[in-house]
Amino acid sequence: MEKVYINSIGSISAQKTFDNNDFLEEIVTYQDNIIPVIEPNYKDFIPPAAARRMAKGIKMGVVASKIALEEANLTDIDAIITGTGMGCVRDSEKFVTAILDNNEQFLTPTSFIQSTHNTVAGQIALGIGCKGYNFTYVHSSVSFESALLDAFMQLELKEAENILVGGVDESGDHTNAIHKLIQHIKPEKINSKELLHSKTGGAVFGEGANFFVLSNKKQDYSYAQLLGIKTYNTLAKSDLVANLEVFLKEKNLTFGDIDVLISGNNGDIDYDNYYSELTNGPFKDTQQVAYKHLSGEFNTASAFGFWLGAKILRTQHIPSPVALNPIKIKGLENVLLYNQYRGKNHSFTLLRRC
Amino acid sequence: MSDLKQELKEKIITQLNLEDIAIEEIADNDPLFGDGLGLDSIDALELIVMLDKDYGIKLTDPKEGKKIFESIEVMANYIAEHRTK
């Protein structure tokens, strides 16, 4: 079995993360219940003729992947694997609205072409001329982890050498309106600094694209080693700690070996108690980190957590805005990510310093 | 006729997402496809739908489109002659 490394990263998020030289040095604070990404100048990355038909999610994904490929010094890649919960939801909304408004007549091709979930992976492949394996996983909040697991297994088994993996989701007005109606989005606008201490239900929604080049060839510039991923569609809160213990044991680790826990708290009082099982339980004396107050909640928000874990391990630094507790340990070796959304689709992801 | 040409230029820029092109940059006789505005086959489909939806003109033969979409001037003349709304 080959070891798997994170060799490069590219992130478009609600923070200024598209410059890989920065690491959350300047935090953007929001007072809202839906937060957008900070967009780079897309024209610096995509020719205008190609960009004019691209939806926001495609532009974000293409740019994040270009940043990751450039950092890895690669112009081609063996495979492209993406995860997305909603795909290009804006064009889906536009197309469905056009069907209703025009009584199923006058349907134009562009929004239909862009409304599929695998458009981002397809556009990346077209852009770099990659004819390799191209796959998109659509599994709610384990979409990114499913893509990651696929890449991990292919690299472990030497079926590929370099794989581009990413998570991407864009925010759609109609979809957000529905989530507000069913109160999956908080009814109140909340300051992002206060979000994780919120006493109300629902989350602050966001969007983003986070891409990585994974490889079984370690480089001087590698960020971290990916040790393993485990996903669960359903997992009772009472079984969480026991299942995590089994996962860690498979990697010859115990709770005490984890130096940093990155948890996917989103300020939803009804579901953040899953994270409390770990933060108040086996990891109460461990450095704890959270990130959704910076990125917002979306199906592939955990890819931003993965980006954060990779940056922490490479820089050996935890920026204060993501620290959940005052504990500080030097020599960060093992980072564990735990994520779930509304009590479903749980994932454990394990990273190691390299 | 000049109002219709202006309207067509606005619609083409908006519906085909030609963000970097201003109305003044499209001359009435500029070719829309190829060396002119550089439109492609997907744009042609968008224009066919636009003719149907906005002017009530149904193109049954796709080959007709090649001639009708030659330039703003040709398009405007064809619409003025055949429009039903």
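**Chain contact and sheet architecture of the predicted model**

Eight residues from chain A and eleven residues from chain B make up the contact, two residues counting as in contact if their C-beta atoms, placed from the backbone, lie within 7 Å. On the side of chain A that touches chain B, the elements giving two or more residues are helix H1 (48–51) and helix H4 (109–114) of chain A; helices (H or I, at least four residues) and strands (E, at least two) are DSSP runs, numbered from the N terminus. The residues of this side comprise four nonpolar, two polar and two charged, where Ala, Val, Leu, Ile, Met, Phe, Trp, Tyr, Cys and Pro count as nonpolar, Asp, Glu, Lys and Arg as charged, and the others, Gly among them, as polar.

Residues are numbered from 1 along each chain as its sequence is written, with chains lettered from A and ligands numbered from 1 in the order in which they are written.

Chain A holds an open sheet of ten strands with mixed pairing, ordered S4-S3-S5-S7-S1-S8-S12-S11-S9-S10; two strands pair if DSSP finds at least two bridges between them. Strand S4 (133–137) and strand S10 (287–290) of chain A are the edge strands, each pairing on one side only. Strand S1 (residues 4–12) of chain A runs antiparallel to strand S8 (residues 224–234) of chain A, joined to it by three bridges, and A:Tyr5 stands opposite A:Gln225 in S8(A).

Notes
This is a predicted model: local features need pLDDT of at least 70, side-chain atom pairs count only at pLDDT 80 or more; totals for chains, interfaces and linings use all residues.
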